[in-house]
Amino acid sequence: MASTQDIPQEAGNGELSLQPSLLATVLDKLDRTTLFVGDLVLFIIQILSWTFSRRLRKGTFIKAAYQIGVLSIPVVGLTGMFIGMVLAVQSYFQFHQLGMENRMGAVINLTLVRELGPVLAATMLAGRVGSSMAAELGTMRVTEQIDALSSMGVNPVHFLVVPRVLASLLLIPVLTLMADFMGILGGFAYSHYLLHVDAYEYFEFSSRYVTGFDLLSGIIKSLFFGGCIGIVSCYFGFHSDRGAQGVGKAATAAFVTSFVLILAMDLIVGIGLDKLYYYFYPAGPTLF
Amino acid sequence: MIDNTSVSHTDSEETFSQYLVETHNLNMRFGKKQVLRDLSVKIRHGQTVAIIGESGCGKTVFLKTLVGLLQPTSGFVLFDEQDLGTLNDRELSLLRSRTGFVFQQAALFDSLTVGENIAFPLRHAAASPSPSSMSDTDEVELVRSALREVGLPDSTLNQFPADLSGGMRKRVGLARALILQPELVLYDEPTTGLDPIVSDVINELIMRSRLKRRVTSILVTHDMKTARKVADRILMLYPLQRLKEHENQIIFDGPPSEIEHCGDVRVQQFIQGEAGNRLQELGLA
């Protein structure tokens with residue numbers, strides 16, 4: 001197997017010959033990526049198979065739901081509120097120049113429910129819960145607690161992974177709604193009380209331009225994000241290397257991979273949902 | 001040297017069904033590194049087997065393959081005449097419920113209390129008593145009794161594993177492994193890291209559990225005192241990188257009384273705890 005350790009050799013004419021090493025590196029990366037993807041697909045198949053073939057064990061879902069959902073509400077709510085306020089601060093100047101600050105609500109709320117609410121909730125979930133799940137499962141792997149479960153005839157994927165993935169998947173819409181609500185509240189509070197935007201017009205324009213579909217599209221996106229966070233975090237925790245460094249790496253990899261996938265899915269699902277939006281609303285949103 | 005085909009020192013007239021666990025030409029490889037090679041071992045019902053050998057010779061890997069925690073690269077394991085490789089998840093779970101595993105670091109669930117850890121197999125194991133057949137009172141009583149059997153007071157029930165000493169954790173691990181009254185108990189270095197007194201307590205507990213329930217026990221250990229005291233058969237594995245291609249990985253298989261008289265210098269070096277030529281190999285001589 002080619003190794004990434006290969007060092008570029010100096011060619012006879014004094015120039016660095018990168019070709020063999022580059023090829024080796026590319027092949028090595030390709031090999032690792034293929035293994036990772038294959039492993040991840042097998043892991044997903046296992047999760048799906050255990051989700052539908054056997055009922056969850058008593059108490060496992062409630063515990064995961066509490067850890068993932070209930071304990072995330074304050075941080076998601078708080079960050080949502082700040083994002084709403086930041087949007088108000090940033091958009092006020094532009095709208096004020098045009099004398100259209102009464103329409104700020106439409107932009108702030110549309111941005112929140114379609115984009116920032118779900119992405120923010122997912123990012124917070126990946127940071128707070130995803131890395132914690134990876135570290136917890138990684139520690140369980142390193143200290144043989146996962147082997148102990150198997151030795152007692154308890155399938156660790158069914159017992160540890162399925163409740164966490166389901167809790168991430170089912171509770172992220174609630175967290176997204178929380179982020180939306182607090183963001184809308186924060187944006188309005190800043191616009192109305194500090195920037196003196198008229199409250200009636202703020203919400204009048206919002207209700208005119210923000211549709212139920214916008215809210216729904218945010219929720220649909222969040223389902224993809226939640227599933228991704230649950231699966232990716234459990235995967236890295238479950239396959240953690242030995243030692244404190246292995247667990248640390250698993251936690252970091254869980255967050256970084258989840259975050260990248262959240263943004264990638266945001267784009268892909270966003271494009272798909274936009275196509276659906278224009279199918280239902282051919283005229284599209286017209287703010288001015 | 002032991003012949004591959006006659007790996008058991010027991011009577012050759014014994015019938016097939018007398019063996020609870022059998023391995024046949026077991027090979028295990030991690031990437032390019034081979035850890036186990038053509039291991040064929042038969043373990044009778046009620047026997048206590050100590051597997052000894054230096055670090056990295058594959059003792060724990062061998063132990064884990066016996067209950068399917070690791071899948072062998074080739075070869076197969078029979079548990080009560082069932083080939084582990086042919087079982088589905090449900091069957092394997094049921095089979096594992098007939099075994100207990102005491103892990104090196106006890107592997108207690110650190111989010112659960114001692115009582116919950118011991119009750120875990122009762123509540124969750126595939127072959128555990130159904131919830132309707134056991135009341136909460138019965139369960140608590142069973143857990144208390146398991147705790148007393150390993151010499152721990154009732155006051156430890158509500159403590160968390162992090163609050164316990166190494167010896168106490170091992171004893172809780174033992175209580176958890178024994179609560180479903182398994183037919184086979186596997187011990188992975190049960191006395192490693194413990195002081196001599198606590199080590200002997202663990203040895204006594206292993207012996208008592210065997211006398212009380214006539215369980216089959218397989219323990220992996222470096223501790224010759226444990227092996228001599230507890231086991232009625234000792235298997236010694238040798239690291240493959242120190243063996244020639246044709247040599248058997250099991251360099252001793254016999255009762256503890258015979259190991260002292262074994263003529264193999266490698267066995268004597270291990271049981272006497274002598275470095276031999278290792279210092280030269282490490283460049284420290």
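## Chain B: sheet and domains

Helix α5 (residues 166-178) of chain B lies across β6 and β7 (184-188) of chain B and runs at about 170 degrees to β6(B). Axes are lines fitted to C-alpha atoms, for helices over the stretch in contact, with angles from 0 to 180 degrees between N-to-C directions. Helices (H or I, at least four residues) and strands (E, at least two) are DSSP runs numbered from the N terminus.

This is a predicted model, in which local features need pLDDT of at least 70 and side-chain atom pairs count only at pLDDT 80 or more, while totals for chains, interfaces and linings use all residues. Residues are numbered from 1 along each chain as its sequence is written, and chains are lettered from A in the order in which they are written.

In chain B, six strands form an open sheet with mixed pairing, in the order β6-β7-β8-β3-β9-β10. The edge strands, β6 (99-102) and β10 (250-254) of chain B, each pair on one side only. From one strand to the next the twist averages 10 degrees. Two strands pair if DSSP finds at least two bridges between them. Strands β3 (residues 48-52) and β8 (residues 216-220) of chain B pair in the parallel sense over four bridges; V220(B) in β8(B) is the bridge partner of I51(B).

| Domain of chain B | Residues |
|---|---|
| domain 1 | 16-98 + 184-198 + 214-285 |
| domain 2 | 108-181 |

The C-alpha centres of domain 1 and domain 2 of chain B lie 28 Å apart. Their contact (C-beta atoms, placed from the backbone, within 7 Å) takes nine residues from domain 1 of chain B and 10 residues from domain 2 of chain B.

Technical notes. Domains from an automatic or database assignment. Contact = placed C-beta atoms within 7 Å.
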